[in-house]
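Hi everyone, thanks for coming.

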Amino acid sequence: MFSRPSLCGNLGKLCRSGTAAVTSTPTTTPPALSALALCDARGYHEVVGDIICPSQVRGIDHIRDPRLNKGLAFTLEERQVLGIHGLQPARFKTQEEQLQLCKIAVNRYTEPLNKYLYLSDLHDRNERLFFRFLSENIEDLMPIVYTPTVGLACQRFGLIYRRPHGLFVTFNDRGHIFDVMKNWPEPNVRAICVTDGERILGLGDLGACGMGIPVGKLALYTALAGIKPHQCLPIVVDVGTNNIDLLEDPLYVGLRQKRVVGREYDDFIDEFMEAVVKRYGQNTLIQFEDFGNHNAFRFLDKYRNTYCTFNDDIQGTAAVAVAGLYASKRITGKSFKEYTFLFAGAGEAAIGIADLVVKGMVAEGVPIEEAYSRIFMVDIDGLLTTSRNVGNLDGHKVNYAKDIEPMQDLEQIVSTVKPSVLIGASACAGLFTPKILRTMADNNERPIIFALSNPTSKAECTAEEAYHNTDARVIFSSGSPFPPVVVGNKTYYPGQGNNAYIFPGVGLGVICTGTHHIPDDMFLIAAQELANFVEPADIERGSLYPPLSSIRDVSMNIAIGVTKCAYDKGLASTYPEPQDTRKWLEDQLYNFNYECSMPVTWTWPRMPYIKTRELVPTKLYGKKKSEDIL
């Protein structure tokens, strides 16, 4: 440890974070020693926010804190003035040279999980380098920090956990959630991604191990939309797990108990939402992620008009899928009202897409009743119908139930309904059999097939199966990446309908405008902006989406559309409304490049000469005078 005298200038931190600890120190420990002990216990982050107070940061902090660390990019002057000269090798590197080394290092690993761990380690030691590396190599690295590798990272979370990247709020903390929230050192959090781990991708209930999802999502907030990392907070609300394998796993890191349900669970989530607002303000964006289907819609309906919140599994997935459908119209030459939709799956993703499709059709002038009539939906018990005797039609499902004979076999349903659009959101691998794919091709000149389930192992069909069983006439999209497909003399590059096209841009617009609530209109705008970004060359190569390399530009366009919507609908709280929306947004983005670590210095003008009066010492009262006074 460093000597205590060198820490005296940091006692201001003690006032902010250690007062409670000092007052609760047992009487056997002198308060002064307790304070010094707290000063010795240096935090992981030596600074908060993006404005550094030079008097609160020591030289060594620039190496230890990932927000300050530049590795070998510190100049000689910086090393000498900061007192870190000699603590590093003599070599000086630019950030560009470091990026080249990062690419070499990550490519040496063959296993995706090892690449994930390398990136996690880079994030822990050099934040700016991590985010620049991720943002400039998004096509190669998104499958590592996000789906599909993040699913494997969640499954192995108990084994690979190293450092905290977010908050774990457990059911045992009820009544004290705000106290837990206070422990997060950042005072200016603007975006929270929260999960209870009940439905992680298509992998099921992973409990507290689901932390990898909000961590990955918020990393993309920064890499793809430029939202400052200190404004982002990943959270797991740990209410237990019903996964027996995890409960019996000695490496499991969460509460070792069955899930809390019912009124207690709802009250716990209510307390969490109130604690977020109390800690960070009413306009804090709260993104719900991977909650169970039975809770996702309930919470969205419950909170959407009282908090600044959205559910990415419902609304984000819907926007990216509808964007693909908008792009498909340029191939088929048809409008939405000419499509017949069949959804395989009736969970939050399927319902979310269907609801936004309805909104899109209504925007085109289609009556809402007709819009609903164009959409058919299948769940585990078969086609949603008003007359079936199995399953249920609770919640939003009832809107898509048809007054026809019940059917359970998907092949029969496809043959009967004759959909022009088949969308898979079932997490059932291989559900779209070759026969179903051939039937779609027989009934449509250009069949539209979206296999959206994640991760790749849960997809309803592969890109290769879709192309080969439709004579390459398919308009295909998937939720996870697939390799190129060669049919005859042509190579197709299927597009991935990744939510990352949508949520970073929506988040940026919402945060910058201080939006109160997030209407579905913003997601329809996001879908249209994404579809407008698709070039004819993208469609020609088989993709309904622009290259991932352009996703930062897509995010900016979406943020501009969301910003205009927020002001048009009176939802924004940041005033005045900007005249140049793009420049206004760009001025608030995170800087991926290194900044000078030296304190800013400046000169003063020479003081003008002014003759001063003679200095006459002041006489103190003498002894006699003092006695008289007494």
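Some ground rules. This is a predicted model, where local features need pLDDT of at least 70 and side-chain atom pairs count only at pLDDT 80 or more, while totals for chains, interfaces and linings use all residues. Residues are numbered from 1 along each chain as its sequence is written, and side-chain values use heavy atoms, with hydrogens and water left out.

So, the overall picture. The chain has 28 helices and 14 strands; those are DSSP runs numbered from the N terminus, H or I of at least four residues for helices and E of at least two for strands. Along the principal axes, the C-alpha atoms fill a box of roughly 115 × 55 × 50 Å. Out of 630 residues, 54% count as buried. Buried here is under 20% relative accessible area, exposed is over 50%, and partly exposed is in between, using a 1.4 Å probe and protein chains only. Among contacts with a separation of 6 or more, 70% come from residues 24 or more positions apart, a contact being heavy atoms within 4.5 Å.

UniProt, in an unreviewed entry, has "domain: Malic enzyme N-terminal" over residues 123-304. Positions are in the numbering used here, feature names are shortened, and annotations may be inferred rather than shown by experiment. That span is 47% helix and 11% strand, and its end C-alpha atoms lie 33 Å apart.

Now the helix pair. How do the axes of α16 and α18 cross? Helix α16 is residues 293-303, helix α18 is 348-363, and their axes come within 9 Å and cross at roughly 40°. Those axes are lines fitted to C-alpha atoms, for helices over the stretch in contact, with angles from 0 to 180 degrees between N-to-C directions. That makes α16 oblique to α18: under 35 degrees is roughly parallel, over 145 roughly antiparallel, 65 to 115 roughly perpendicular, and the rest oblique.

At the contact, N293, A296 and F297 of α16 meet E348, I351 and G352 of α18. By type, the contact residues are three nonpolar, two polar and one charged. The buried residues of α16 include A296, F297 and L300, and their cover includes α15, β4, β5, α17 and α18.

On to the annotated residues. The unreviewed UniProt entry gives "binding site" at R199, N454 and N498.

Take N454: this residue is in the loop between β10 and α22. Beyond neighbours within four places in sequence, N454 is in contact with T147, L201, G202, G479 and S480. Its side chain makes a polar contact with the side chain of S480, at 2.4 Å. A polar contact is a pair of N or O atoms within 3.5 Å; within protein, one must be able to donate a hydrogen and the other to accept it, and residues adjacent in sequence count only if both atoms are side-chain atoms.

Is N498 buried or exposed? Its relative accessibility is 2%, so N498 counts as buried. It sits in the loop between β14 and α23, and its side chain reaches the backbone nitrogen of A500 at 2.9 Å. Leaving out residues up to four places away in sequence, N498 touches M142, Y146, T147 and V320.

Last one: Q496, in strand β14. Q496 is buried too, with a relative accessible area of 11%. A polar atom of its side chain lies 3.0 Å from the backbone oxygen of G479.

Notes:
Nonpolar A, V, L, I, M, F, W, Y, C, P; charged D, E, K, R; others polar.
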